[in-house]
Amino acid sequence: MMVAMRIRIDAVDLPGLACPASVDGSVPAYGNIHVAVQRRDRPAKLLAPQPGDAPSATWTLECTTSASPTGTEVKGPYVQDRLGRRFIYLSWGTVDESGTFTMFRRAKLLLDVIPADVLVAAARDGLLVGRLGLTDAQGGPLCARVEPPHITWTAERADQERLHALFCADVTFIAIARSRRVRRCPIR
């Protein structure tokens with residue numbers, strides 16, 4: 001039986017809008033960096049690109065879960081499936097003057113490393129939350145395989161996500177009204 005679930009990715013510590021070239025010249029410099037969730041089998045289809053200098057970024061993905069002989073299977077339009085491994089791509093790219101996103105790097109958020117009890121609880125409660133920083137040890141965009149301890153996965157109740165969204169909307173509205181600036185949601 002398939003059960004609806006959401007995956008929310010809460011990211012902080014974004015690397016900024018520019019990525020300098022490597023000292024040896026093997027990696028070019030990049031500017032106007034953005035990050036987004038990539039749709040399965042459609043690299044050009046991106047969910048909510050965020051600028052690399054944002055204080056935080058959050059994406060919520062619709063998916064389904066089902067019990068399988070190997071545990072809880074997760075499927076959805078933004079869940080990749082390669083050789084039986086499930087993961088989510090965060091694509092890093094530059095955005096030019098016309099708004100075209102050109103990918104130069106990806107982070108692979110591995111789902112098969114999530115503890116089984118967390119995944120079962122998330123399927124039951126309706127929400128799986130991944131929290132991570134998006135700057136690597138060299139100060140650039142995080143890429144390659146991302147697994148604990150670089151990401152923390154927790155199960156939460158889906159109704160808590162609605163409360164989180166409503167609270168953040170209220171805080172954002174108040175912040176805009178007071179200072180014309182949007183502030184980060186204080187709860188995570």
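The model is predicted. The protein contains two helices and 11 strands, and from the N terminus on its elements follow the order β-β-β-β-β-β-β-β-α-β-β-β-α. Of its 188 residues, 39% count as buried. Among contacts with a separation of 6 or more, 62% are between residues 24 or more positions apart.

**The open sheet**

- Five strands make up an open sheet with mixed pairing, in the order E5-E4-E1-E9-E11.
- Strands E5 and E11 stand at the edges with a single partner strand each, so one side of each has no neighbour in the sheet.
- From one strand to the next, the twist averages 30 degrees.
- Strand E1 (3-12) runs antiparallel to E4, and 10 bridges join these two strands.
- Strand E1 runs parallel to E9, to which seven bridges join it; here Arg 6 stands opposite Leu 127.
- Strand E4 (residues 56-68) and strand E5 (residues 71-75) are antiparallel and are joined by five bridges.
- E4 and E5 form a hairpin that has two residues between the strands, and Thr 65 stands opposite Val 74 of E5.

**Helix H1 against the sheet**

- Helix H1 (residues 116-125) lies across E1, E4, E5, E9 and E11, and runs at about 130 degrees to E9.
- The buried residues in H1 are Val 118, Leu 119, Ala 121, Ala 122 and Ala 123.
- These buried residues pack against strand E1, E4, E5, strand E9 (126-133) and strand E11 (151-157).
- An α-helix has 3.6 residues a turn, so residues three or four places apart point the same way.
- Just after H1, Gly 126 adopts a positive phi of about 100 degrees.

**The nonpolar core**

- In soluble globular proteins, nonpolar side chains tend to be buried together.
- The largest nonpolar core has 35 residues, of which Ile 7, Trp 59 and Leu 134 touch the most other members.
- The elements giving two or more residues to this core are E1, strand E2 (33-39), E4, strand E7 (85-95), strand E8 (101-110), H1, E9 and E11.
- Leaving aside residues up to four places away in sequence, Trp 59 touches a set of residues that includes Ile 7, Ile 9, Val 35, Val 37, Leu 47, Leu 90 and Leu 134.
- Arg 8 and Gln 50 are also among the residues that Trp 59 touches.

**Asp 10 in strand E1**

- Asp 10 lies in strand E1 and is buried, with a relative accessible area of 4%.
- Asp 10 and Gly 130 are 120 residues apart in sequence, while their C-alpha atoms are 6.1 Å apart in space.

**Cysteines**

- Zero disulfides are found in a search of the whole structure.
- Cys 19 is in no disulfide, and the nearest cysteine sulfur, which belongs to Cys 143, is 9.3 Å away.
- A disulfide requires two cysteine sulfur atoms within 2.5 Å.
- Cys 19 is buried, with a relative accessible area of 8%.
- Cys 63 also counts as buried, at 6% relative accessibility.

**Backbone features in the loops**

- Most residues other than glycine have a negative phi, and most peptide bonds are trans.
- Asp 13 is not a glycine, yet has a positive phi of about 55 degrees.
- Asp 13 is located in the loop between E1 and E2 and is partly exposed, with a relative accessible area of 45%.
- Asp 41, which is not a glycine either, has a positive phi of about 60 degrees.
- Asp 41 is located in the loop between E2 and strand E3 (42-51) and counts as exposed, at 53% relative accessibility.
- The peptide bond from Pro 148 to Pro 149 is cis, with omega near 15 degrees.
- Pro 149 is placed in the loop between strand E10 (144-146) and E11.

Technical notes:
Residues are numbered from 1 along each chain as its sequence is written. This is a predicted model: local features need pLDDT of at least 70, side-chain atom pairs count only at pLDDT 80 or more; totals for chains, interfaces and linings use all residues. Side-chain values use heavy atoms; hydrogens and water are left out. Two strands pair if DSSP finds at least two bridges between them. Helices (H or I, at least four residues) and strands (E, at least two) are DSSP runs, numbered from the N terminus. Buried means under 20% relative accessible area, exposed over 50%, partly exposed in between (1.4 Å probe, protein chains only). Contact means heavy atoms within 4.5 Å. A nonpolar core is a set of buried Ala, Val, Leu, Ile, Met, Phe, Trp, Tyr and Cys residues joined through side-chain atoms within 4.5 Å. Axes are lines fitted to C-alpha atoms, for helices over the stretch in contact, and angles run from 0 to 180 degrees between N-to-C directions.
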